[in-house]
Amino acid sequence: KLKLGDYPAVSLAEARALYDGIRDMDIPELPKSADTSGEKSREGMTVRRLCRRFIEEHALKHKRSWKTDHNLVENVIIPAIGDIDAGLLTSEQVDNMVNQILVNGTPRQAEKALVVVRTAYNWALGNMRRKKQVRAKSAITSTVTQTRIIDPRLNPCDGIVIPEYEPRTYHLEGEALQEFLEDLDTLPAPYADILMLQLMTVTRV
């Protein structure tokens, strides 16, 4: 669209004359911006790049556990599926990653890795819902952030469930407990006191 002026300041006859003059001008076509089509933002968008952007642009700002997410991305997720095109990642590939982690005997890590990938895709697809408090009304509303840095599609993590597992626990008893108490005397302060307090109160210190 081309604005030639406001009516009635510019009459219809004057506008037509201006249009005819512009129509006959030789105006070179402007190059299309890659950002306009959105292709540049998706070019080379691998799972590695998507997850790292998720950490930097979302988790770092909104999640207290961002360091845990970062470690999972770098040490678990990227080695398994990092080189795959983010828009082409399939549920089967995610499931293979989860099963490989389970084979290594770390179901809790598999569960956390799946949550990170699922959340990263929700963020990238623009489906992140965040609560926002309106002070004037003292009400809490939720809004959906429109990130959408990859083509709209189903989250490849949908439908994947981690099998139920029994958390591994270890109880000090018998000779192991006796050896532990004896070794406390060899530790420097304040580590011996901290471990003894933890043992007696059964709490994390």
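Buried here means under 20% relative accessible area. Keep that cut-off in mind, and remember that this is a predicted model.

**Stop 1: helix 4**

Select residues 47-62, which form helix 4. Its buried residues are Val47, Leu50, Cys51, Arg53, Phe54, Ile55, His58 and Ala59. Show their side chains. An α-helix has 3.6 residues a turn, so residues three or four places apart point the same way. Now centre on Ile55. Helix 4 bends there by about 40°.

**Stop 2: the whole chain**

Zoom out and colour by secondary structure. The protein has nine helices and two strands. Trace them from the N terminus: the order is α-α-α-α-α-α-α-β-β-α-α. The protein has 205 residues, and 23% of them are buried. Next, display contacts between residues at least 6 apart in sequence. Of these, 57% join residues at least 24 apart.

**Stop 3: helix 5 against helix 7**

Select residues 66-81 for helix 5 and residues 107-124 for helix 7. The two pack at an angle of about 90°. Their axes lie 10 Å apart. With that angle, helix 5 is roughly perpendicular to helix 7.

Colour the contact residues next:

- From helix 5, pick Asp69, Leu72, Val73, Val76, Ile77 and Ile81.
- From helix 7, pick Gln109, Lys112, Ala113, Val116 and Val117.

**Stop 4: the core around Ile77**

Stay on Ile77 and bring up the largest nonpolar core, a set of 31 residues. Which members touch the most other members? They are Ile77 and Met97. Helix 4, helix 5, helix 6 (91-103) and helix 7 each supply at least two residues of this core. Helix 7 gives the most, with nine residues.

Now list the partners of Ile77, skipping neighbours within four places in sequence. They are Val47, Cys51, Leu72, Gly82, Met97, Ala113, Val116 and Val117. Several names return from earlier stops. Ala113, Val116 and Val117 belong to the helix 7 side of the contact with helix 5.

**Stop 5: helix 8 against helix 9**

Select residues 174-184 for helix 8, then residues 191-201 for helix 9. These helices pack at an angle of about 150°, with axes 10 Å apart. That angle makes helix 8 roughly antiparallel to helix 9.

Helix 8 brings Leu177, Phe180, Leu181 and Leu184 to the contact. Helix 9 brings Ala192, Leu195, Met196 and Leu199. The contact has eight nonpolar residues, no polar and no charged.

**Stop 6: Leu199**

Finish on Leu199, in helix 9. Is Leu199 buried or partly exposed? Leu199 is partly exposed, because its relative accessible area is 30%. Leaving out residues up to four places away in sequence, Leu199 touches Leu172, Leu177, Phe180 and Leu181. Of these, Leu177, Phe180 and Leu181 are on the helix 8 side of the contact with helix 9. Leu172 is 27 residues away along the chain, and its C-alpha atom is 9.2 Å from that of Leu199.

Terms used
Residues numbered from 1 in each chain as written. Predicted model: local features only at pLDDT ≥ 70, side-chain atom pairs only at ≥ 80, totals over all residues. Heavy atoms only, no water. Axes fitted to C-alpha atoms, helices over the stretch in contact; angles between N-to-C directions. Helix = DSSP H or I, 4+ residues; strand = E, 2+ residues; numbered from the N terminus. Parallel < 35°, antiparallel > 145°, perpendicular 65-115°, else oblique. Contact = heavy atoms within 4.5 Å. Bend = angle between axes of the 7 residues up to and from the residue. Buried < 20%, exposed > 50% of the residue type's maximum accessible area, 1.4 Å probe, protein only. Core = buried A, V, L, I, M, F, W, Y, C linked by side-chain atoms within 4.5 Å. Nonpolar A, V, L, I, M, F, W, Y, C, P; charged D, E, K, R; others polar.
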